[in-house]
Amino acid sequence: MGEDGESPKINHSFLRDYVTEADVISTVEFNQTGDLLATGDKGGRVVIFQRETESKDESEELGESGEYNVYSTFQSHEPDFDYLKSLEIEEKINKIRWLPQQNAAHFLLSTNDKTIKLWKVSERDKRPEGYNLKDEEGRIKDISTVTSLRVPVLKPTDLMVEVRPRRIFANGHTYHVNSISVNSDGETYLSADDLRINMWHLDITDRSFNIVDIKPANMEDLTEVITAAEFHPQHCHLFVYSSSKGTLRLCDMRESALCDKHSKIFEEPEDPGNRSFFSEIISSVSDVKFSHSGRYLLTRDYLTVKVWDLNMEKGPVETYQVHEYLRSKLCSLYENDCIFDKFECVWNSTDSVIMTGAYNSFFRMFDRETGRGVTLEAWRESSKPRAVLRTRRIYTGGRRRRGDVGVDSLDFTKKILHMAWHPAENIIAIAATNNLYIFQDRVNAENL
Amino acid sequence: ASGAQGPALVEGVGLGMAGADSDDSLYPIAVLIDELRNEDVQLRLNSIKKLSTIALALGVERTRTELLPFLTDTIYDEDEVLLALAEQLGNFTMLVGGPEYVHCLLPPLESLATVEETVVRDKAVESLRKISHEHSPVDLEVHFEPLVKRLASGDWFTSRTSACGLFSVCYPRVSSTVKAEIRQHFRTLCSDDTPMVRRAAASKLGEFAKVLELEYVKSDIISLFTALASDEQDSVRLLAVEAGVSIATLLPQEDLETLVMPTLRQAAEDKSWRVRYMVADKFSDLQKAVGPEITKNDLVPAFQNLLKDCEAEVRAAAANKVKEFCENLPEDSRETIIMTHILPCVKELVSDTNQHVKSALASVIMGLSTILGKDNTVEHLLPLFLAQLKDECPEVRLNIISNLDCVNEVIGIRQLSQSLLPAIVELAEDAKWRVRLAIIEYMPLLAGQLGVEFFDEKLNSLCMAWLVDHVYAIREAATCNLMKLVEKFGAEWAQNTIVPKVLGMANDPNYLHRMTTLFCINALSEVCGQEITTKHMLPVVFKMSNDQVANVRFNVAKSLQKIGPVLDSNCLQTEVKPVLEKLASDQDMDVKYFAQEAISVLSLA
């Protein structure tokens, strides 16, 4: 940003022009400091972005609006084939989680449907020089010229970012892994598939402990699957998992080794008046997140986001409609499978604003203080320097304003499923199919 | 020792450059040095493992000024290379010029102590501890202690965890001012922000307490122990349990009650099962550390609670300790305590809902009979043994059977034999072959304890049935079992009971069973001796050399090779040799091969 201090980029995006299925982003995650951002895609690749640090000398007003630039790209998972079950295992990255930083290197876990991998991302700026038996170009020296021993010396070189696989946690899951979550104890993490949750030690790859198993003895009795799971941010013994029936279960690992019995179950009594064929499908929880404070839970189902207080099991303390206007469209959304889309939801750094995705490249933010929501659009124009993220309105009746979008003209292929919020600042990362948008500063509550 | 490696290596590399003017001895070292940065991990590892050779060739001066700085910066490498490096550096003192220069080893070990891989860090700490003893007291304060401080106040938790393991080695050898600093650093780490560091501190607390003066144990260590034992993370609390045991051994009896016991009592009732599990797991050590009085008053009720814990993992850990706990009870009140406090809990565990608990108990319960004596065993324990022998879980039954010897000594096995037999038969016919395998392995032991008559009457048929099991591993184990039985009961018994049945199988229509005959002969010939082998077994083997199945024929060749040493030379020449020669001209390649091999091994050519 040094060359043009007057007009800093407030927004930033990484746009790919040719869309291939493999380029579709499938997960986005900031690390603990927010300086690194990782995305995973359907092609099994992980791209890490790093925030440039030169912006320290920026004016106060603009804050540290360093741009995010590509830091490293690597292939995390390859397509695989399960020969016993004749099943293809996709390389798609389902989740990425960063480990708390433990030395100069960074570590992240990435998972596809079956296998979790631990990666080390490190920098190297020195290179050994000096061979005894060959020169630096690799030509073998004449032995007779070797009259004394030479110890290699490390010389500074261009910065290289190395990514290396550290551990591969395989064979822990029979069903598809939907979540991974690192424990606050710093040595364990959990992984959840449709029916089971396993706990792993980060140093041990050949064994994991099954902590939840909801597989019925007879698979025909199956009525519920696990959709997401997460550890409490501070209490190492607590974790929560959500289900396709719209319930949340909080488990305390202190009570017993197998957490089949939950400590608390959070669910909202069903409104009998609203019951329909789609009730169960749309109540399925697609994502669950603890607030940074650890006091609240945020969940997303098809039409709403909800905030739950850990101290109140009988219902959410806040419910926000994400796109209520779709309630009359459920039939066609069922036919085109959109009703099964799994939207994520995130908290901002102070737990005061929540954000979740929608269709037509729209995403929603809700201010918990005022209860007001805003619809924003991730599109190329707003990723230009100094552009203001524009709010949009869906026309649902009444007086139609200029720029309102009709429900029938929404593009259901442009869905925003994955997103992340910087752990300390107003920076959000939005994955819109194959594009990653990073918006800074302009996304605070005053827009709402 | 490192000196001896040098020349050996020179030969190993093998110089092929005759006539070169250069110093031949340099070449292999040059290769090793170059391979320190080879692309191939295996070659790098190889070079690191010969680091002492490199250092020896470079001399102490260049090792200090060139090799060590290079190694300090190579922490980018693979774990296995770093692990080897960390280990090598622990033995490097002489190679850098002796104790006077040992501090030169600190920089590379310091950087290794901060890597993310636990095994590498632990090895670096181990080497640092080792070389700390080679530091003079002055060097320890000038070089080593500052390193510990740097690690202890490092930015990343990896370095702080490493520091925890170094306090106890420098503490005894530094001045009292530095001692005070060290205690302060340890205190800081015990309340570190990250649970990883608090865990490291908790796991080293006992060790650190051992080198501290008693007054500081009482003032510093106790408060740290109390704090760690009530940490918000159970992963930290559980490590404090072991520290508590170590601390208890250091304190005089009269201080235990006020300083340690409240915390330990609290741990035994912790909300987290993992902490209670740890208490159960360390119970015997704890018992020894606190002595008989506290055991009677505190540990007995605590142990009862652990045996009744709501979490099966805890009950299993406690059940495992039942025998040891009872054994170590003070003698004057041992029997009363067991009979009135422990046995009622044990009775409940026999019908526990969790099979791991029952099987943990089954592995130790028999040991109680020696402690309680004959009458109590018959009256109180026997019903429990019998109940466990009928348990639905095979592992429980196996554990009882495998420990029969304890009971045998006290009441004789007859008391049990009526119930034993159905249990054995059921295990012998279990649908899982691993269970069958496990019971076979106990057969020789059982046979010894039950005696030959009982065996012949009840168990012999089982042993023979295993020979025709449909799983090879079982047939193989059954063969081996026969051999061990013969070792116990003698050749005559073998000739009368086993050999006829084994040889009868030679006519079985199933070739796998015919082969089993051969495998049995292989196993039995030596224990049965020359006479039985020659007279009874050999004719059957010869007959089988005409078998229509090639696998049987080449096993005949293998058998002849195996039993050859038992036979006399006349028999070998006149009888074995012609049969092998015939087999050597067999149509089947494998039969030929094994026949020829037997001929050459037996020197019959």
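K179(B) sits in helix α11 (residues 176–190) of chain B and E213(B) in the loop between α12 (195–211) and α13 (214–229), so the pair ties together parts 34 residues apart in sequence. Helices (H or I, at least four residues) and strands (E, at least two) are DSSP runs, numbered from the N terminus. K179(B) itself counts as buried, at 15% relative accessibility.

## Ground rules and confidence

Residues are numbered from 1 along each chain as its sequence is written, while chains are lettered from A and ligands numbered from 1 in the order in which they are written. Since this is a predicted model, local features need pLDDT of at least 70 and side-chain atom pairs count only at pLDDT 80 or more, whereas totals for chains, interfaces and linings use all residues; side-chain values use heavy atoms, with hydrogens and water left out.

The predictor gives the complex an ipTM of 0.81 and a pTM of 0.81. Chain B averages a pLDDT of 89, and 96% of the residues score at least 70 (pLDDT is the predictor's confidence in each residue, from 0 to 100). Watch residues 1–22 of chain B, though: the pLDDT there is below 50, and the stretch has 25 contacts in the model beyond near neighbours in sequence. Contact means heavy atoms within 4.5 Å.

## Where the chains meet

The contact takes in 46 residues of chain A and 42 residues of chain B. Together the chains bury about 4,000 Å², 53% of it on carbon and sulfur atoms (buried area is the accessible area, with a 1.4 Å probe, that two parts lose on being put together, summed over both). On the chain A side, L149(A), V151(A) and R254(A) lose the most area to chain B, together 19% of what that side buries.

Eight salt bridges turn up across the interface, along with 21 residue pairs in polar contact, both residues at pLDDT 80 or more. A polar contact is a pair of N or O atoms within 3.5 Å; within protein, one must be able to donate a hydrogen and the other to accept it, and residues adjacent in sequence count only if both atoms are side-chain atoms. Strands β10 (116–129) and β11 (153–169) of chain A each supply at least two residues of the side that touches chain B, and β10(A) gives the most, with seven residues. That side of chain A divides into 15 nonpolar, 13 polar and 18 charged residues. Here Ala, Val, Leu, Ile, Met, Phe, Trp, Tyr, Cys and Pro count as nonpolar, Asp, Glu, Lys and Arg as charged, and the others, Gly among them, as polar.

D73(B) forms a salt bridge with K126(A), the closest N and O atoms being 3.7 Å apart. The pair crosses between chains, from the loop between α4 (51–72) and α5 (79–89) of chain B to strand β10 of chain A. D73(B) is partly exposed, with a relative accessible area of 27%, and K126(A) is partly exposed too, at 31%.

E162(A) lies in strand β11 of chain A. Its side chain makes a polar contact with the side chain of R124(A) at 3.5 Å. Leaving aside neighbours within four places in sequence, E162(A) is in contact with K120(A), V121(A), S122(A) and R124(A).

## Around helix α24 of chain B

Helix α24 (residues 394–402) of chain B is mostly covered, with eight of its nine residues buried. Among them are V396(B), L398(B), I400(B) and I401(B). The cover includes α22 (355–362), α23 (368–389), α25 (404–411), α26 (414–428) and α27 (433–450) of chain B.

K358(B) forms a salt bridge with E392(B), the closest N and O atoms being 3.8 Å apart. This one links distant parts of the chain, 34 residues apart: K358(B) is in helix α22, E392(B) in the loop between α23 and α24. K358(B) counts as buried at 5% relative accessibility, while E392(B) counts as exposed at 68%.

Definitions and conventions. Salt bridge = Lys/Arg side-chain N within 4 Å of Asp/Glu carboxyl O. Buried < 20%, exposed > 50% of the residue type's maximum accessible area, 1.4 Å probe, protein only.
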